[in-house]
Amino acid sequence: MPVTGSRELRLAVIGLGKLGAPMAAVFASKGFDVVGVDLNPAFVDSVNDGRAPVDEAQLQELLDAFRGRLRATVDFADAIAATDISFVIVPTPSGADHFFNNDYVIDAVRRIGAVLRHTRHDHLVVVTSTVMPGSTGGAIRKALEESSGRTVGVDVGLCYSPEFIALGSVVRDLLNPDMVLIGECDARYGDWLERVYRASTESKPAVHRMSLVNAEVCKIAVNTFVTTKISYANMLSELCDHLPGSDVDAITAALGADTRIGPKYLKGGVAYGGPCFPRDNKAFAALARSFGVPCDIADATDQINDHQVARLAGAVSATAPRGGRIAILGLSYKTGTGVFEKSQGFALARVLVTEGYRVILADPASASSAAGALGDGVEVAADFAQAVAGADAAVITTPWPEIREVPGSAFMRASGPIPVIDPWGHLKGTPLATIVRVTFLGRGGAASTGERVHVYAHSATQHR
């Protein structure tokens, strides 16, 4: 193949959704000619018109600046015949057994293979979607070889290379990864892929090259380890609810200073959510169980995480009578995105509505869409101040910075300020904390309201 430099490699990105569209734009911004492929004509039209098909930070700016290097099509033949490497980044939804379903990946690979059967040029297929260990070298390889009439490692390449990104910062994470993971069928095609990553990243990350199955295990193992840190911090936070004068932030800051542990994701707050962490942890446990391997750590991580909504619901029931109006401040699973999949705010709203509370939702990115999914029993406020002004109590479920800007007067009633439950310590050290009646779960609230915190913890057990 006449490829002499990384910039000469032509790239296709299969799937222009929340991850694929930013990936295509990042590659284009680094000098690659990119063809995006999606079966949704609206996504294709958006890219060709220079409009971001999904809401993601920095994506529109990249499209504005580098659209000359990026085009999109619904035609696999057009894209694959014109490119050297195709990145497959399509959904792999979880089944009832918590294993990932490869149907969309295999369909995309078969479409790629059908084009390659009638072309002569060499091509590398990179599976970027998260798949179960054994998938890339098993069913996916079989689909590629059958559809293309070629042999993996001889006249067609196959790699597994997932991204480690978070919604709301996909572009930044693609440009500045901590590491690059490449599962390769052979060194030649691994070299191709490494050249692309060396040219498209800015953080000079370590590149870890390994077998396909090792990379597949590593991907879900990374996320499972991170969820364990989150649940550990939340376990510490709840323990601090029972110890007057204790503060989970002081404890986790010291723990994170130990280089064997590190500070990332070690913060007491609410449960982890979103489209990746919950399902990856369950998939890891399901995989272990399928081989009869004990997975107690993954199971415990899930149990602690699932308990967090009960902990919050218990705090609410100890603070406000049923039938009261509860402002839930934050529906997105994290700041910077409108995604509320598996979010703690959404889960808490659902529990409170079931228990007879009137729920007021506020979120700058996802309140309306979340309200539609919850149905009757909720109302949507225009902003955080309006939500608080109409409530008997409030819970900070997503630590949006705008919450700190709500005027103290919004919390005031004739009888005094309404109670605010703050599991993140988001209002610590702010002027609001001196005005508003805040319960910082796991953070020193026990020093002055020890009995109340104990009641919260006891009450939460009733909601499991």
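Where does valine 207 lie? Valine 207 is part of strand 8 (residues 206–210). Helices (H or I, at least four residues) and strands (E, at least two) are DSSP runs, numbered from the N terminus. The model is predicted: local features need pLDDT of at least 70, side-chain atom pairs count only at pLDDT 80 or more, and totals for chains, interfaces and linings use all residues. Residues are numbered from 1 along each chain as its sequence is written, and side-chain values use heavy atoms, with hydrogens and water left out.

Leaving aside neighbours within four places in sequence, valine 207 is in contact (heavy atoms within 4.5 Å) with Val180, Ile182, Glu194 and Arg198. Valine 207 and glycine 134 are separated by 73 residues in sequence. In space they are 21 Å apart, C-alpha to C-alpha.

Buried means under 20% relative accessible area, exposed over 50%, and partly exposed in between (1.4 Å probe, protein chains only). In helix 3 (residues 59–66), the buried residues are Leu59, Leu62 and Leu63. They are on the same side of helix 3 because they cover an arc of only 100 degrees around the axis. The arc is that of the directions from the helix axis to the C-beta atoms. Glu61, Asp64 and Ala65 are exposed on the face turned away from the buried side of helix 3. The buried residues of helix 3 pack against helix 1, strand 3 (70–73) and helix 7 (170–175).

Helix 10 (residues 248–257) has Val248, Asp249, Thr252 and Gly256 as its buried residues. These cover an arc of only 95 degrees around the axis, which puts them on the same side of helix 10. Ala250, Ala254 and Ala257 are exposed on the other side of helix 10. The cover over the buried residues of helix 10 includes helix 9 (212–241). Aspartate 247 caps the N-terminal end of helix 10. A side-chain oxygen of aspartate 247 lies 2.9 Å from the backbone nitrogen of aspartate 249.

Helix 9 also holds asparagine 234. Asparagine 234 is buried, with a relative accessible area of 0%. A polar atom of its side chain lies 3.1 Å from the backbone oxygen of valine 270. Not counting residues up to four places away in sequence, asparagine 234 touches Lys267, Gly268, Gly269, Val270, Ala271, Gln308 and Arg311.

A cavity is a set of points where a 1.4 Å probe fits but cannot get out, while a pocket is an open set with protein on both sides within 12 Å along at least five of seven lines; lining residues have an atom within 4 Å of a point. Grid points are joined across faces, edges and corners, and a volume is the space filled by probe spheres set on the points.

The structure holds four cavities of 30 Å³ or more. Of its 15 lining residues, Glu163, Leu174, Pro177, Tyr197 and Thr201 are the closest to its centre. Helix 1 (20–29), strand 7 (179–184) and helix 8 (187–200) each give two or more residues to this lining.

The second largest pocket has a volume of about 360 Å³. Its lining comprises 16 residues, with Asp306, Lys342, Ser343, Ala347 and Arg350 nearest its centre. Helix 13 provides the largest share of that lining, five residues.

How values were computed: A polar contact is a pair of N or O atoms within 3.5 Å; within protein, one must be able to donate a hydrogen and the other to accept it, and residues adjacent in sequence count only if both atoms are side-chain atoms. On a 1 Å grid over the protein atoms alone, a cavity is a set of points where a 1.4 Å probe fits but cannot get out, and a pocket is an open set with protein on both sides within 12 Å along at least five of seven lines; lining residues have an atom within 4 Å of a point.
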